[in-house]
Amino acid sequence: MNTENTKAQMRKGILEFCILSLINQKEMYVSDLMEELRNGQLDVVEGTLYPLLTRLKNGEFLSYRWEESTSGPPRKYYQITEKGKAFLLELQNTWNELTRSVNKITNNNNL
């Protein structure tokens with residue numbers, strides 16, 4: 001079994017949660033979002049991030065606004081919607097339950 005593939009799948013599974021959590025703190029431009037994810041040691045490429053942001057926007061969990069930039073084209077800043085905040089709360093509860101369960105199971109392992 002390929003460990004890197006398994007790790008990548010685990011990261012993808014929590015990426016929506018991480019993105020919504022970051023944007024819930026403040027509205028974000030894509031490069032700022034990528035930097036925050038990198039700082040959290042989740043390296044994400046634009047090819048992964050843009051479709052996910054579009055899916056979250058289409059699901060009405062995110063909205064965006066355009067802002068003129070002095071150093072290039074206008075920038076799209078994402079903000080979380082009320083629907084997105086409710087979804088984020090559900091994800092937070094699910095994460096808490098999942099981590100409790102996984103910790104309970106794996107802490108008894110003698111690895």
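Two residues are in contact when heavy atoms of each lie within 4.5 Å. In this predicted model, contacts between residues at least 6 apart in sequence were examined, and 48% of them join residues at least 24 apart.

The protein contains 4 helices and 3 strands. Along the sequence, these elements follow the pattern α-β-α-α-β-β-α. The C-alpha trace spans about 55 × 30 × 20 Å along its principal axes. Of the 111 residues, 25% are buried. The exposed surface comes to about 8000 Å². Carbon and sulfur atoms supply 50% of that surface. The protein carries 14 positive and 14 negative charges.

The strands were considered next. The 3 strands form an open sheet, and their order is β1-β3-β2. The pairing is antiparallel. Strands β1 (28-29) and β2 (62-69) are the edge strands, and each pairs on one side only. Strand β3 covers residues 72-80. In the sheet order, β3 stands between β1 and β2.

The pairing of β2 with β3 rests on 7 bridges. These two strands run antiparallel and form a hairpin, with 2 residues between them. Several opposite positions can be traced along this pair. S69 of the protein faces G72 in β3. Y64 stands opposite Y78 in β3. L62 stands opposite I80 in β3. In a regular strand, side chains alternate between the two faces of the sheet.

The other pairing joins β1 to β3. It is antiparallel as well, and it has 2 bridges. Here Y29 has Y77 of β3 as its bridge partner.

Helix α1 comprises residues 3-25. This helix lies across β1, β2 and β3. Its direction makes an angle of about 100° with β3. Helix α2 covers residues 30-39, and helix α3 covers residues 46-58. Helix α4 covers residues 82-106.

Most residues other than glycine have a negative phi. Which way does phi point at Q41, positive or negative? The value at Q41 is positive, near 65°, and Q41 is not a glycine. Q41 is found in the loop between α2 and α3. Its relative accessible area is 69%, so Q41 counts as exposed; the cut-off for that class is over 50%.

E60 is found in the loop between α3 and β2. Is E60 buried or exposed? E60 is exposed, because its relative accessible area is 51% and exposed means over 50%.

The loop between α2 and α3 also holds V45. V45 counts as exposed because its relative accessibility is 54%.

T106 belongs to helix α4. T106 is partly exposed, because its relative accessible area is 35% and this class lies between 20% and 50%. T106 and V45 are 61 residues apart in sequence. Their C-alpha atoms are 31 Å apart in space.

Methods:
Residues are numbered from 1 along each chain as its sequence is written. This is a predicted model: local features need pLDDT of at least 70, side-chain atom pairs count only at pLDDT 80 or more; totals for chains, interfaces and linings use all residues. Side-chain values use heavy atoms; hydrogens and water are left out. Buried means under 20% relative accessible area, exposed over 50%, partly exposed in between (1.4 Å probe, protein chains only). Accessible areas come from the Shrake-Rupley method with a 1.4 Å probe; for residues, only the protein chains shown count as cover. Lys and Arg count as positive and Asp and Glu as negative; His and the chain ends are not counted. The place of a charge is taken as NZ of Lys, CZ of Arg, CG of Asp or CD of Glu. Two strands pair if DSSP finds at least two bridges between them. Axes are lines fitted to C-alpha atoms, for helices over the stretch in contact, and angles run from 0 to 180 degrees between N-to-C directions.
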